Amino acid sequence: MKIYPKFTGAELEKLGLTGNMPKHVAIIMDGNGRWAKARHMPRSFGHRAGMEALQEIVRSSHSIGIEVLTVYAFSTENWRRPESEINALFSLLVEYFYKEIDELDANNVKIHVLGDLSRFPAKLRELMETAIDRTALNSGLNFAIALNYGSRDEIVRAARAIVQANLTPDDITEGIFSEYLYTNSISVPDPDLIIRTAGEQRLSNFLLWQAAYSEFVFTNTTFPDFTPEAYYECIKEFMRRTRRFGKVLPN
Ligand code: IPE
Ligand code: IPE
Ligand code: MG
């Protein structure tokens, strides 16, 4: 089992990570299929390679001091894929959490799931619920996996829950509305940086509400090839951006 190092200021400087570190990074992990296709391999081979890349991204997020890492693993639209691919993805997720939970827990990682787990095979659902419970008191990196997640679904569910709670129109503020979203379980609410791998420049129904003021970085690298070094390049790009939040900044 690996205990992840925490980089010192000098080590971060050596990596060029000297600016404002994002607190919350969200990643749309795309391009597993294309990565496999380029190698004349089945798509599931790409998903496996993607899981391996993810483990390194979790480790490095801890090392550089990210507070929340959210990854898009399965969208509400991904049910449109062939059943064989969906099953292969679920098996890989089971394998990943089964294998990695001890290490994640030992490194103080706190696991969250964004999305509706009820449609998943019992084995995967139970494993995820166990992982969430087991790491609930951990205080290190928050690692949120978006599974059967779609922003429109999230927003519609929030609206339904608000009606069920008998809130009046005056009760409904942006803050209250956010409390009804899946992301309410994470202490740092909105992603500072959203990275999408594999060249597409779209959100694909990911964090529509939460992305209101996020910075976007798109990279052509497919997710299985998305090494910590490639990740650090995206963070450096984020550090070069000026965030104004609608204000005029003093010169
Ligand atoms: C992984 O990449 C994302 C998931 C939905 C699991 P893809 O499977 O979408 O790969 P491409 O986009 O077809 O290359
Ligand atoms: C977005 O990737 C969903 C995940 C990464 C889980 P897709 O590959 O499903 O997105 P589209 O279909 O190209 O927009
Ligand atoms: Mg894709």
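**Close-up views of a predicted model**

At 1% relative accessibility, Gln210 counts as buried (buried means under 20% relative accessible area, exposed over 50%, and partly exposed in between, with a 1.4 Å probe and protein chains only). Welcome to a predicted model, in which local features need pLDDT of at least 70, side-chain atom pairs count only at pLDDT 80 or more, and totals for chains, interfaces and linings use all residues. Residues are numbered from 1 along each chain as its sequence is written, chains are lettered from A and ligands numbered from 1 in the order in which they are written, and side-chain values use heavy atoms, with hydrogens and water left out.

**View 1. Gln210 and the residues it touches.** Look for Gln210 in the loop between β5 (193-196) and β6 (215-218). Helices (H or I, at least four residues) and strands (E, at least two) are DSSP runs, numbered from the N terminus. The side chain of Gln210 makes a polar contact with that of Thr183, at 2.7 Å. A polar contact is a pair of N or O atoms within 3.5 Å; within protein, one must be able to donate a hydrogen and the other to accept it, and residues adjacent in sequence count only if both atoms are side-chain atoms. Leaving aside residues up to four places away in sequence, Gln210 touches Tyr149, Glu154, Leu181, Thr183, Asp190 and Pro191 (contact means heavy atoms within 4.5 Å).

**View 2. Strand β2 and its partners β1 and β4.** How many residues of β2 (residues 68-75) are buried? Eight of eight are, leaving this strand mostly covered. Strand β1 (residues 24-28) pairs with β2 in the parallel sense over five bridges, and Val25 stands opposite Leu69 in β2. Two strands pair if DSSP finds at least two bridges between them. Strand β4 (residues 142-149) also runs parallel to β2, joined by seven bridges; here Val71 stands opposite Ile145 in β4.

**View 3. The two sides of helix α6.** Helix α6 (residues 151-164) has 14 residues and reaches 20 Å from its first C-alpha to its last, close to the 20 Å expected at 1.5 Å a residue (the expected span is 1.5 Å times one less than the number of residues). Its buried residues are Ser151, Glu154, Ala158 and Ile162. They cover an arc of only 70° around the axis, which puts them on the same side of α6; the arc is that of the directions from the helix axis to the C-beta atoms. The buried residues pack against β4 and α7 (174-179). On the other side of α6, you will find Arg152, Arg160, Val163 and Gln164 exposed.

**View 4. Around ligand 1.** Which residues come nearest to ligand 1? Of the 13 around ligand 1, they are Asp30, Gly33, Arg34, Arg43 and Arg81 (a residue is near a molecule or strand if one of its heavy atoms lies within 4 Å of it). An N or O atom in the side chain of Asp30 is 2.8 Å from an oxygen atom of the ligand, and for the side chain of Arg81 the distance is 2.7 Å.

**View 5. Around ligand 2.** For Ser204, an N or O atom in the side chain is 2.6 Å from a ligand 2 oxygen atom.
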